[in-house]
Amino acid sequence: MSVITLNFEGYVQCRLATDPDPTDERRGVSGYTFALPGEKDLDWTIYTQPGPDIVARPGLVTPPGAVTPSGSKLVAGSPDRQVGVRVCGGYCGDHPIVNGHPLFHATVTLEDKPRFEERNYVVINQQFGVIAPFKLRVKGVGIELYRQVDWYPGKPQNFPLMEIPQAVLMPYTMQSFSAGVPACAGLLGDSLDPSVYRALRLKKLMDIKKTSRLTQDALAAIDKRIEQLRMDNPGDRRTFQLVNAANYSYAVNGPASIKLGDVTTWLNGAVDTQSQWNYFLPDRPLLSWPCNFWIGNWDADSLTCYISGTIQYFGLGGDFEQWQANGGKAR
Amino acid sequence: MKGNTAAVPPDARIENRADLIQALTIASQLEHGLMLMYLYAAFSMKAFPQELQGYPEPPDVLRNKLRNWEAQILLVARQEMEHLGFVCNLLSAIGGPQYFDRPNFPQVPMYWPVDLPIELERFGVGSLLRFLAYEKPENLDDPELDALRSSGFSGKQILRSAQPIEPKFKSLGDLYIQIRTAFETFPESELFIVPPDAQADQDTVFGPGSNGTVIYNMLLFKTYDRQSAVNAINEIIEQGEGTLAPGRVTVKDLDPACHYMQFRSILMQYLKSNVSLEVAFEGARNCVRNPAFELHQDTITRTVYKGVGAQPALSVAVITHVWSRTLMGVSNTAYEALMQLLVRLYTFSNDSPEEVTAIRNTVFFPMMTMVIRPLSELVSLLPAFEKNVGGYTAGPGFEYFRTIGFLPHKPAAWIAIHERLSENAENFAIAIAAMPPEIRKSLQAQGYEPDVALPFISQNLTRIASNFKTYMNF
């Protein structure tokens, strides 16, 4: 049986309110994250791919020397913190996933508007909560792999998260928190220093303010960002979160499917999408797929952070074995 | 125990432990009342573009300004909560009871020795001027603001009435200075009679590892000897008034982050928008003063406002709109449950560390940020009176219907608190199921999303009650 191990990484955006604001606060008031004049409301959703939902702010420029956790060098002066999580390596059976492999640079997407569900310790008594829903789709060339977390095995797929006991959710919370993570610091450029990184951003915004004709909205927006960037000290969340990371370890245990060419196959049952409760009807055993990742390098100015991790797939079925034997081509 | 009266200034009234407990009790009521007044103003502020049409500046620019001012006011309110925590610790240290009781709003000047009126009033020039009167250092010369007082703004009358007549304490600062004098002069070994493990600190409020770290501009510590008590009182005075310096001072001498300067900054910016534009900018919803479910016995005023004409200061607006009343009931009950939990937390009787953690994990983030604030913001959007008389909206009354005291029997306390949390969740769920169509329409027109926001609050109320039961293991 072949095992696929995929390494993935990339920036995500999550425009969320921060405590002590309520988590559904739409503009940000007493926390340190804000929807700015001219921007749509905060929506608390984790976006893993580019698209119309992403709110890009001006003045985001990649600093010299920035390197991704997997070792890719970023181009200095290019747009910084571009959203998009992709496969950056791994193995498909014995074959390394490198440039040219159908899964190299495959998009890694968390679907169905996932959020850091925690609600200021209401959902779970843990700082970052659970990422829910967790529906992970990897889409390469001619191949798609999908699986979601079944939070409460035996219960309907749509069972309300708010009714699941905390003890049941606990395995899906952050497992540990790492401070001063080198992989996060690498994204900040040669200085490796969050204060220097923020100071560069501040200077860029000051330049924009000085040299551009801005609308009233844009001026108020840039002033708010400048005010926030000026609040810089090592103990401030705006600063230290740039080099910290939350570590997660998910056993992705729910409905799984593989799509080869145009043919989608459920690997462990089927989802009854007609029922109100959206039941999953398992009829074949399939072990959980381990997905270990960290989310860190949180930048409160752009409302983006970095995700880096690994997921393993097994039990993908005969069609997949055939696909692999065919050199990554569907029958 | 008696103080060394020779060392006590002749005008001080605090001469023994009982006096000091009494003064701290007054301080507790004042900090509590101030916090709620500030919260009321913050929650009355407009937040949706639909509410900010028709002004020369774009709605997003205006709501950005309002958001910034609201953040400043909420910061000050959080620090009042910290001050209340310090007062609790000081009371605990000298053998006093935890005191979260207070009279319902409004209270006329004279109720408290400080002789300033206490009432809930929406954000605006009048409320800001009153906040400034509370936070103003006695020795401050602020000619710019004095000129403003005499120029006919709506806060003028309130400020005038705030002038002391025959005060026992001339100001909030004076109250604390007299309390500090007592702590400085009473015999230390006799004064501190309760060990510090019966007090709250940053770890109690924010969890282990928080001690010594400023979080949300708050730094609560224990007061177990003369120096730590004086430090706590100085922190309260400095955060409020911005200086401990003797002699006359000007605004340049004050810490720009102090409460007085924060309110002053908001007022000056607001006046700029309010006055200089062609259309005067109104930053608050049309919330009544002192909204109440009913006229309480401990409310000194008997004047009930019914929405006709301008509302007199210090009058009570008994909310008559049926659905708004239901929501006010939920809001009040949530507030009472919150207070019940705080009394328990600060009393430090025989609760286990796990139980203290459970209270913390219920009261601070979940109740304060996910229940009290959203409910308060919601009721500030609801009509105050049937048939929308006067076009007024309600607001959180923060009402006490019964004494908020320590529930001495622990298992019974958990049951009683859980019952209140659960019943509140059920009542809210019933209320939103019965939301009148015209209310839904009105909320939507104002920019609020009732079909998203209300189920969200409902889920949180239910979950908080369920969590509490699980935490307390019954």
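Let me start with helix 11 of chain B, which is mostly covered, since 19 of its 26 residues are buried. Please keep in mind throughout that what we are looking at is a predicted model. This helix takes in residues 322-347 of chain B, and from its first C-alpha to its last it reaches 38 Å, which is close to the 38 Å expected at 1.5 Å a residue.

Now, how confident is the predictor in chain B? The mean pLDDT of this chain is 89, and 90% of its residues reach 70 or more. Within chain B, confidence is highest in helix 15, residues 450-472, at a mean of 97, whereas it is lowest in helix 5, residues 156-161, at a mean of 37. If you look along residues 153-167 of chain B, you will find that pLDDT stays under 50 over that stretch, and that the model has 30 contacts for it beyond four places in sequence.

Let me turn to the two chains together. For the complex, the predictor gives an ipTM of 0.93 and a pTM of 0.93. In the model, 22 residues of chain A are in contact with 28 residues of chain B. Which element of chain A gives the most to the side that touches chain B? That is helix 4 of chain A, residues 216-230, which contributes 4 residues.

Note on methods. Residues are numbered from 1 along each chain as its sequence is written. Chains are lettered from A and ligands numbered from 1 in the order in which they are written. This is a predicted model: local features need pLDDT of at least 70, side-chain atom pairs count only at pLDDT 80 or more; totals for chains, interfaces and linings use all residues. Two residues are in contact if their C-beta atoms, placed from the backbone, lie within 7 Å. Helices (H or I, at least four residues) and strands (E, at least two) are DSSP runs, numbered from the N terminus. pLDDT is the predictor's confidence in each residue, from 0 to 100. The expected span of a helix is 1.5 Å times one less than its number of residues. A residue is buried if 20 or more other C-beta atoms lie within 10 Å of its own, exposed if 12 or fewer, and partly exposed in between; C-beta atoms are placed from the backbone.
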